[in-house]
Amino acid sequence: MLVLGIESSCDETAAAVVRDVRELMSNVIASQIDVHRLYGGVVPEIASRKHIEAVLPVIVEALDLAGTPLNRIEGIAVTRGPGLVGSLLVGLSVAKSMAFALGIPYVGVHHLEGHIAAIFLDRPPAFPFVALVVSGGHTNIYFVERFGRFRLLGQTRDDAAGEAFDKAAKLLDIGFPGGLVVDRLAKQGDRRAIAFPRPMKGSLDFSFSGLKTALLTHLKKCSQKPDDAALADIAASFQEAICDVLVDKTLQAASEHGVNRVVVCGGVAANSRLRRCMRERLARDL
């Protein structure tokens, strides 16, 4: 079966063609980073307008790369939420219109379920497992029993980890997107230089707003603008605090539910320090 997937939940317009559940034939992404960099974060109205401009060219390119004419598509999957309402509306409207015109079914996919399911395109884990979904807008831990069977174990009570990275980068005036620039800068710093807090210890819920405030307070106490070395230390220490919390709570959830399989997904899963810490702790503790 050939399925066209459409994603427009935030600031990237994407389309992919998948054959027989797991064979990814094409995957095209139109990024809006250059547009939102001017503001230090995603502007919802601008994101929606950019999706309108990009969605059809992205779909056409995905079909071309897959060597698949539109009339061979047998189903359409589209992100239905959560996400930015205006952005989601663009993808949903296009998916529904195409499905109606072609006389084929479409299905709305839960954004976070899609993050978790993505691992099955690469290295399918056995059930059950614990999944950490960590992105710009979400930081959740799930116990995944099987497809479609998820139990929420913990979630952020305020900022998500990715949002915290973006806000930290804006406070430090080091660029956008925050997760990428903090990760890059942190490699040059001392992650033990500043004792940032590790919030909500013991709980499986998250809170990153206090960590952001701790960064702001530290910057206000500085007698002068941090130089490059100081910025690297701040970035490394801030990143380490987030990674410690993410890893500790994920392993706590796995231990409490008696599983030794962990999936980390979402945009922040690309963070190099998080990946290293998670691998080391999994090898040692599970």
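Phe196 counts as buried at 5% relative accessibility, where buried means under 20% relative accessible area, exposed over 50% and partly exposed in between, with a 1.4 Å probe and protein chains only. The model is a predicted one, in which local features need pLDDT of at least 70 and side-chain atom pairs count only at pLDDT 80 or more, while totals for chains, interfaces and linings use all residues. Residues are numbered from 1 along each chain as its sequence is written, and side-chain values use heavy atoms, with hydrogens and water left out.

Phe238 is likewise buried, at 2% relative accessibility. Phe196 and Phe238 form an edge-to-face aromatic pair, 6.0 Å centre to centre with 85° between the planes; rings of Phe, Tyr and Trp (its six-membered ring) pair if their centres lie within 6.5 Å, and planes under 30 degrees apart count as stacked, over 60 as edge-to-face and the rest as tilted. Because Phe196 lies in the loop between helix 6 (178–186) and helix 7 (209–221) and Phe238 in helix 8, the pair ties together parts that are 42 residues apart in sequence. Helices (H or I, at least four residues) and strands (E, at least two) are DSSP runs, numbered from the N terminus.

The count of aromatic pairs comes to nine. One of them joins Phe120 and Phe147 in a tilted arrangement, 4.6 Å centre to centre and with 50° between the planes. Phe120 lies in the loop between helix 4 (111–117) and strand 6 (129–134) and Phe147 in the loop between strand 7 (139–146) and strand 8 (149–155), so this pair ties together parts that are 27 residues apart in sequence. Phe120 is buried at 7% relative accessibility, whereas Phe147 is exposed, with a relative accessible area of 53%. Ring pairs also link Phe120, Phe127, Phe129 and Phe147 into a cluster. Phe120 is touched by Arg22 as well, as are Leu121 and Pro124, not counting residues up to four places away in sequence; contact here means heavy atoms within 4.5 Å.

Turning to charged pairs, the structure holds 17 salt bridges, each being a side-chain nitrogen of Lys or Arg within 4 Å of a carboxyl oxygen of Asp or Glu. In one of these, the side chains of Arg198 and Asp244 meet at 2.8 Å, N to O. Arg198 lies in the loop between helix 6 and helix 7 and Asp244 in helix 8 (residues 228–256), so the pair ties together parts that are 46 residues apart in sequence.

Helix 2 (residues 44–66) remains to be described. Its end C-alpha atoms are 31 Å apart, which agrees with the 33 Å that its 23 residues should span at 1.5 Å a residue, the expected span being 1.5 Å times one less than the number of residues. The buried residues of helix 2, among them His51 and Leu63, pack against strand 1 (2–7), strand 2, strand 3, helix 1 (33–36) and helix 3 (85–102). Just after helix 2, Gly67 takes a positive phi of about 65°.
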